[in-house]
Amino acid sequence: DGPPRVISTHEADTVYRRAFGGLVDNALASGASIVVDFSDRTVTAQVIRILEPVLRQAALVTTKLILHFITASIKECARRHETWALLSNIFSLSPVEALDLSVNALGDTTMPFVTPLIEIRTLTSINLFDTGMSPVGAEMVNACLLPIASQIQHLNIGMNAFKGTGGLALAPLLEASTNIVSFVVADARLRGTGTVAVTSALAKMAMSRPSGRTLLTTLDLDGSSLCTGTFAEIAADGAPFDPNGAYTFVEPSGTDDGVENETSANAVPALLHLIRASPFLQKAIFSSTNLQADEMRLILGAVEDSGASLTHLDISWIEIDVGLLTTHIDNHHAGSLIELHMEGTCIDGDELSTILPVLTRCNNLRVLNLSHNSLDEDMFAVLADPNHKIGSLELLNLIDDENDDIEAEVAAIVALYGADVVRVARV
């Protein structure tokens, strides 16, 4: 009751330490491990110093350290460096198994202050998504994790600017990651040589395992240029992957104005071997990878050869043969498929009429993404047909930036599925 009282810095320190200290004491007394989670909070050096005695005590039993999006609002590099240096000093000897540094502007200048965390020898899972890394950062990650590569199970390095040289830098780490379960390199700007290096390293990793099979359940290659330059016009023939083969070459620019030559690449042969060697694969993300219909046919064939049952398939923004996809889902994934993303695949009414009857038999399908497909009246009619209703669906995405005025056309679809399922506008 009464007006709020201003708490002194000393009192604030005491409150922080008592609150966190009590939790730490309980964990230590019970023999439990601790998860330290500062996600979505601005964590400065000042805050860390207030908590330092408790954090050092907690560090002894911290097995999961989540530092997602903690320094985004800190503009001065010196303050960011100080923050990460303190955190690294406190936790570098912790038994951390899962480390999440995602969505922090680390970049090449801040990475040296973070490497003591990445060098923790108990790590099995590391998330470096959207950390502003360049090829220089990729080299640091490779150097830090290579000694423990065989114990890494989950690696997320998406949304960074690795390009070709970054992919080459990461290749030794990936080739040695023989127990990797989840690999995400979405939108890491892999191009040409870098994509070939990454897929080839993973294929070699599969070859090095006694069984010749990987433990991969998640493979996210979104935005990686799997086939570029002249190779984009050449469908892979499905020939066995040659670990010593040359899948890149320098393509003449055709000009004399000093423009650098471009590297053409084809990562499909390595990818085919990797997929065939991954019988536990569940999430396969191939969106925006420059694949052509013939190459996608080979990839679906490789999934079939592996015996995998997919739960998530993303083939957005690439060419697909809907008839082949329909048969593939019907024969291999009807009982397992949970999410199907076909954004921007230029599917037409006849193709939609082909695949929907099969999707109605996918009893676990929760998400169907058909956004950015320029849906017309015929397609709306197909989706509104009660005979084609997918009973398990929780999200039907029909967003199209080029056609915002479709509320009237989708009224029948909304009536069939409910307004909480059908999405026609960005949230």
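**A guided reading of the predicted fold**

Apart from residues up to four places away in sequence, Glu-394 touches Arg-366, Asp-420 and Val-421, where contact means heavy atoms within 4.5 Å. Glu-394 belongs to the loop between helix H12 (377-384) and strand E15 (395-397); helices (H or I, at least four residues) and strands (E, at least two) are DSSP runs, numbered from the N terminus. Between Glu-394 and Leu-368 the C-alpha to C-alpha distance is 8.5 Å, although the two are 26 residues apart in sequence.

The model is predicted, so local features need pLDDT of at least 70 and side-chain atom pairs count only at pLDDT 80 or more, while totals for chains, interfaces and linings use all residues. Residues are numbered from 1 along each chain as its sequence is written, and side-chain values use heavy atoms, with hydrogens and water left out.

The protein as a whole comes to 13 helices and 16 strands. Of its 427 residues, 52% count as buried, that is, under 20% relative accessible area, with exposed meaning over 50% and partly exposed in between (1.4 Å probe, protein chains only). Among contacts in the protein with a separation of 6 or more, 84% are accounted for by residues 24 or more positions apart.

The strand pairing can be followed from E1. Strand E1 (residues 34-37) pairs with strand E2 (residues 62-66) in the parallel sense over 4 bridges; two strands pair if DSSP finds at least two bridges between them. Within this pair, Ile-34 stands opposite Thr-62 in E2. The chain passes from E1 through helix H2 (residues 45-59) to E2 in a right-handed β-α-β crossover. Right-handed here means that, with the strands pointing away from the viewer, the path from the first strand over the helix to the second runs clockwise. E2 is in turn joined to strand E3 (residues 98-100) by 3 bridges, and these strands run parallel. Ile-66 has Asp-100 in E3 as its bridge partner. Helix H3 (residues 77-91) carries the chain from E2 to E3, and this β-α-β crossover is also right-handed.

The next topic is empty space. Rolling a probe the size of a water molecule over the atoms shows where empty space is left. On a 1 Å grid over the protein atoms alone, a cavity is a set of points where a 1.4 Å probe fits but cannot get out, and a pocket is an open set with protein on both sides within 12 Å along at least five of seven lines; lining residues have an atom within 4 Å of a point. Grid points are joined across faces, edges and corners, and a volume is the space filled by probe spheres set on the points.

The largest pocket has a volume of about 320 Å³. Its lining comprises 17 residues, of which Phe-20, Val-36, Asp-37, Phe-38 and Leu-55 lie nearest its centre. Helix H1 (9-30), E1 and H2 are the elements that give two or more residues to this lining, and H2 gives the most, with 5 residues. By class, the lining of the largest pocket has 14 nonpolar, 1 polar and 2 charged residues. In this scheme Ala, Val, Leu, Ile, Met, Phe, Trp, Tyr, Cys and Pro count as nonpolar, Asp, Glu, Lys and Arg as charged, and the others, Gly among them, as polar.

The second largest pocket holds about 170 Å³ of space. It is lined by 14 residues, and Val-196, Ala-197, Ser-200, Lys-204 and Pro-243 lie nearest its centre. Helix H6 (163-176) and helix H7 (193-208) each give two or more residues to that lining, with H7 giving the most, 6 residues. The classes are 7 nonpolar, 4 polar and 3 charged. Val-196 itself lies in helix H7 and counts as buried because its relative accessible area is 9%. Leaving aside neighbours within four places in sequence, Val-196 is in contact with Tyr-247, Thr-248, Ala-265, Asn-266 and Ala-267.

There is 1 cavity of 30 Å³ or more, and the volume of the largest cavity is about 50 Å³. Residues of its lining include Ala-293, Met-296, Ile-315 and Leu-325. Helix H9 (293-306) and helix H10 (322-332) are the elements giving two or more residues, and H9 gives the most, with 4. This lining divides into 7 nonpolar, no polar and 2 charged residues.

Helix H10 also holds Thr-326, which counts as buried because its relative accessibility is 6%. Beyond residues up to four places away in sequence, Thr-326 touches Thr-354, Ile-355 and Val-358.
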